[in-house]
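Let's take a walk through this one, starting where two chains meet and ending at a single side chain. Have the 3D view open as you read.

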Amino acid sequence: MNELRAKAKELLTNGTVKVVIGYIESTTPDRTKPFIARTAEDAEKLVFNKYCVNNLALYLTRKEFRRTGVVGIVAKGCDVKAIVQLIQENQVNKDDVYIIGMNCNGVVSELGQDFSAETIATKCLNCSVRTPLLYHTLLGTLEDLPKREDKNFVLMQKLDAMSAGERWDFWEDEFERCVKCYACRQACPLCYCERCIADKTVPRWIESSAHTRGNFSWNIIRAFHLAGRCIGCNECERACPAEIPLSLLNRKMGMVAKKEFDFVAGMGLDTPTLVGTYNLNDNEDFIK
Amino acid sequence: MSGSNIYKPEMMEITDIVQETSDTKTFRLKFKNESTAKSFSFKAGQFGEYGVFGEGESTFCIASSPTRSEYIECSFKQIGKVTTALTRLRVGDSVGFRGPYGNYFPVEEMKGKNVVFIAGGIGLAPVRCVIWNTLDLRNDFKDVTIIYGARSFNDLVYKRELKEWKERKDIKTVVTVDPGGEVPDWDGEIGFVPAIVEKVAPKAENTVAIVCGPPIMIKFTIPVLQKLGFAEENIITTLENRMKCGLGKCGRCNVGNVYVCKDGPVFTYAQMKELPQEY
Amino acid sequence: MEEKIISLDNLSFFVNDLIKDNHIVIGQDSKEINWKRITGAKDIVVNSKNIPSNISYKEFVFAKTEPIIYYKNKKDEFDIVEPALPRQKLVFLGAKPCDARSIEIMSKVFNWDYKDKFFNERAEGSIVIGVACNYQDKFCFCTSVGLSPVTEKGSDLFLVPLDEKNFALQIVTERGKEFIQPYQKYLSDGNQAKSKEILSKIKNPEKRFETSKVSEWLTNNFEHKIFDNVGDICVGCGQCAFACPVCHCFDIVDEECDYSSGRRMKNWDACQFGLFTLHGSGHNPRETQGKRYRQRIAHKFKYYQDKFDEVLCTGCGRCSRGCPVGIDIAEVVAEINSLA
Ligand SMILES: Cc1cc2nc3c(=O)[nH]c(=O)nc-3n(C[C@H](O)[C@H](O)[C@H](O)COP(=O)(O)OP(=O)(O)OC[C@H]3O[C@@H](n4cnc5c(N)ncnc54)[C@H](O)[C@@H]3O)c2cc1C
Ligand code: SF4
Ligand code: SF4
Ligand code: SF4
Ligand code: SF4
Ligand code: SF4
Ligand code: FES
């Protein structure tokens with residue numbers, strides 16, 4: 001923590017960065033919230049721990065930071081995947097971000113939980129980027145992660161084994177609860193569009209009503225728009241007040257991208273984006 | 001206490017359409033239902049929700065005068081979803097209408113006084129309503145001055161009426177266009193509205209000023225009026241916040257603790273000054 | 001206040017009877033996400049210890065989406081059809097004090113001057129069976145907005161858990177009294193001393209602020225960096241408004257049913273969305289997230305009070321528990337209180 005504060009302070013005072021996007025303690029020490037540190041004093045408040053669940057890459061595409069100059073950001077491995085993907089999609093200029101990479105020992109699934117094998121986030125279970133792929137400074141040391149069964153994966157296999165009708169019923173039950181709060185979109189680092197398709201009215205592509213038809217079109221279109229782009233931070237699912245298991249959709253899409261195109265989002269600055277690539281040899285047999 | 005369906009529109013038929021500018025039209029509308037037509041009344045400054053089925057509703061002021069009760073008129077600029085759908089309609093087509101909503105210009109209190117109307121662009125629509133209201137009761141008012149400006153000649157709305165007003169001897173009408181917006185045989189003023197107001201506005205004494213137009217015009221016109229000695233209570237304007245219900249329910253139009261749709265849209269400058277700067 | 005006793009078993013019978021008698025009984029879902037229509041005694045969750053659901057039960061009186069008119073096109077003529085509203089009585093079972101008042105509070109805006117029948121027809125006949133609350137976390141602040149974990153305000157009938165098997169049933173309103181009349185057989189005589197003792201043992205959440213002080217400060221400090229600080233991190237979603245038991249904003253949009261018919265919908269909307277106040281001209285009176293957050297706070301703790309003499313907040317803490325970026329409304333308002 002002291003390392004982090006010292007680094008942030010140094011970057012802010014010597015002018016390397018204009019702001020540092022990081023975490024501070026929230027209502028209780030076991031909850032953190034995002035914070036924009038602008039001064040050396042602000043830097044003293046920064047923390048990093050197992051409760052730092054937010055993917056701060058979200059803030060990099062904010063208008064006010066686009067012209068700020070270099071922005072510092074405290075980032076776990078999974079957050080860096082989002083940053084890499086944003087750079088790939090030309091949303092963030094590589095030279096305008098300074099990554100304070102954190103060696104990560106897992107985070108909780110939800111704000112306010114104690115950290116344990118029960119509560120460690122699903123994405124952490126099989127994480128391959130505990131040391132970020134890209135950073136300007138690397139802080140922290142790696143420890144062993146607690147282990148538990150990946151229930152999410154088990155559920156995914158169960159869904160795969162279902163008939164289309166059963167799957168439809170499963171999602172109908174889940175989507176029924178959606179209230180169209182768009183927290184999933186707003187919390188997602190890769191949902192950066194100035195005007196989301198859900199907000200376009202001329203013509204209206206997605207009904208804004210939170211009924212079955214409107215909820216299906218919203219959730220499915222969003223999943224498609226993130227296919228091959230989602231980096232699996234699971235912020236959407238965490239943000240959803242209706243507790244819809246959105247990760248099942250996004251993870252499945254990611255697995256299809258891996259299997260069919262051998263592509264994983266956010267894993268390297270040299271790999272072109274999936275949707276930006278056209279290859280005559282691409283498989284098409286998954287389109288039914 | 002549950003009441004009737006306040007969101008249910010009345011059906012109106014378009015009986016006339018005037019293309020005011022390249023993107024602005026005026027509709028003349030009549031209620032399809034006889035008894036609604038008979039019982040309907042409104043006051044100058046009120047607005048309505050005009051709907052195209054399948055597209056939605058849009059907020060416009062009633063641009064015709066309450067003294068002419070056999071129809072209502074609205075003028076709208078094509079800007080988004082509903083206004084585009086409206087633009088496509090023809091004479092004989094149906095439009096849904098909810099209203100009249102909101103408060104109104106204090107026409108009764110203006111009687112016996114001088115009135116100066118100042119409008120910019122499409123802002124002439126609400127002012128036109130009270131202009132005709134005043135002209136139809138001409139003897140109740142003292143001097144009447146109309147100052148109207150638009151970006152260019154092509155952006156002037158109600159051109160026929162502007163001509164009619166100019167020709168009338170019992171009122172003074174000054175029309176202006178922004179520099180560069182004139183056409184070769186332009187016989188009006190050239191200059192921004194605030195500057196023209198400074199030049200031609202009547203004495204402030206016993207005079208009410210009604211000012212409607214883009215925020216920027218209002219912002220620069222009010223100091224001019226104050227300089228001329230107009231009291232804050234005698235400068236009257238309208239606020240146009242985004243609205244949905246028009247009924248004080250949907251929570252969209254508030255400026256501080258004021259619902260523009262219910263407590264407005266007409267405000268005196270004295271009232272406006274008390275509001276937080278959020279319009 | 002009259003007080004009776006109802007056993008857990010009898011509560012089940014009572015609920016089964018209500019359903020048989022054509023009432024719509026609504027209770028908190030066992031997963032604590034939202035509220036659901038109860039189909040039988042097996043669904044009952046009346047528990048004074050559970051956390052407030054993520055999403056309140058307001059959707060049953062103020063629907064998240066509902067048609068306000070249907071229209072059919074008969075060759076250039078439009079036929080307007082009014083949607084039918086349910087005629088059954090709604091019974092909210094197990095409302096915590098921070099839920100119980102929500103209908104009363106929202107009723108003010110839905111009934112000043114124009115009356116919204118979509119709200120009224122559901123709300124007017126509804127019965128709120130409240131329950132004393134024995135849950136508490138850092139986000140609860142009912143005591144700061146004039147409520148408490150043990151208040152019967154807003155309830156028609158109020159349950160107090162006496163032991164594992166029994167509840168005291170306080171008959172709060174005339175409406176409640178009438179409502180319970182046909183079900184007397186499930187009630188036995190109560191002993192007020194016991195429930196009083198139990199209620200007195202329930203701890204109050206700490207009082208975080210004085211609403212009058214906050215409202216006065218908001219009057220004089222429209223511009224303040226406290227709002228921009230929140231705006232820095234607030235992502236502008238609708239979670240806080242849609243979870244809230246008293247946020248009442250909505251949008252009106254048309255949608256197709258098929259080629260020749262459609263409907264006009266009234267859908268939840270939220271002042272934290274960037275498009276909420278955007279004008280056609282591109283001008284937006286609340287163009288930054290900080291300004292939008294200011295609207296949230298000022299509407300709840302000043303405007304609604306000025307206009308309707310109610311704080312637009314019951315202190316349930318839902319918006320804070322659910323905020324994806326950890327913004328805690330009580331923390332913000334308490335900070336305002338400390339500035340005042
Ligand atoms: C009291 C009052 C009186 C008024 N009187 C008049 C009047 O007399 N005449 C008049 O012309 N206007 C008047 N207005 C303004 C008028 O209500 C609006 O201009 C009108 O409602 C716009 O409706 P719309 O459905 O066409 O626009 P919408 O489609 O609803 O567009 C509104 C907003 O959404 C945005 N938008 C929508 N779709 C898209 C898209 N696909 N891409 C990008 N942006 C998009 C627009 O930028 C705009 O900000 C008045 C307003 C008020 C409050
Ligand atoms: S879709 Fe969800 S999991 Fe994927 S990047 Fe966005 S927030 Fe993260
Ligand atoms: S966060 Fe959940 S409830 Fe909100 S829009 Fe997304 S899926 Fe729907
Ligand atoms: S839930 Fe939180 S992030 Fe979302 S709008 Fe509310 S305060 Fe902002
Ligand atoms: S503002 Fe937050 S705490 Fe207050 S009633 Fe709404 S959800 Fe509950
Ligand atoms: S806080 Fe915002 S969403 Fe909630 S009622 Fe007020 S204006 Fe509407
Ligand atoms: S327009 Fe809905 S409250 Fe004013």
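Which side chain of chain C meets K262(B) in a salt bridge? It's D113(C), with the N to O distance at 2.2 Å. Keep in mind that this is a predicted model, so treat that number as computed from the prediction.

On the chain C side, the elements that give two or more residues are β4, β5, α3, α4, β11, β12 and α10 of chain C. The largest share, nine residues, comes from α10(C). Sort the chain C residues that touch chain B by type and you get 20 nonpolar, 11 polar and 20 charged.

Now zoom out to the whole contact. Chain C puts in 51 residues and chain B puts in 44. Together they bury about 4100 Å², with 55% of that on carbon and sulfur atoms.

Next, hop over to chain A and look for R238(A), which sits in helix α10 of that chain, residues 235–239. Is R238(A) buried or exposed? It counts as buried, because its relative accessibility is 10% and the cut-off for buried is under 20%. So what is around R238(A)? Leaving aside neighbours within four places in sequence, R238(A) is in contact with V53(A), N54(A), S109(A), E110(A), L111(A) and, over in chain C, P324(C). The side chain of R238(A) reaches the backbone oxygen of P324(C) at 2.9 Å.

Definitions and conventions:
Residues are numbered from 1 along each chain as its sequence is written. Chains are lettered from A and ligands numbered from 1 in the order in which they are written. This is a predicted model: local features need pLDDT of at least 70, side-chain atom pairs count only at pLDDT 80 or more; totals for chains, interfaces and linings use all residues. Side-chain values use heavy atoms; hydrogens and water are left out. Contact means heavy atoms within 4.5 Å. Buried area is the accessible area (1.4 Å probe) that two parts lose on being put together, summed over both. A salt bridge is a side-chain nitrogen of Lys or Arg within 4 Å of a carboxyl oxygen of Asp or Glu. Helices (H or I, at least four residues) and strands (E, at least two) are DSSP runs, numbered from the N terminus. Ala, Val, Leu, Ile, Met, Phe, Trp, Tyr, Cys and Pro count as nonpolar, Asp, Glu, Lys and Arg as charged, and the others, Gly among them, as polar. Buried means under 20% relative accessible area, exposed over 50%, partly exposed in between (1.4 Å probe, protein chains only). A polar contact is a pair of N or O atoms within 3.5 Å; within protein, one must be able to donate a hydrogen and the other to accept it, and residues adjacent in sequence count only if both atoms are side-chain atoms.
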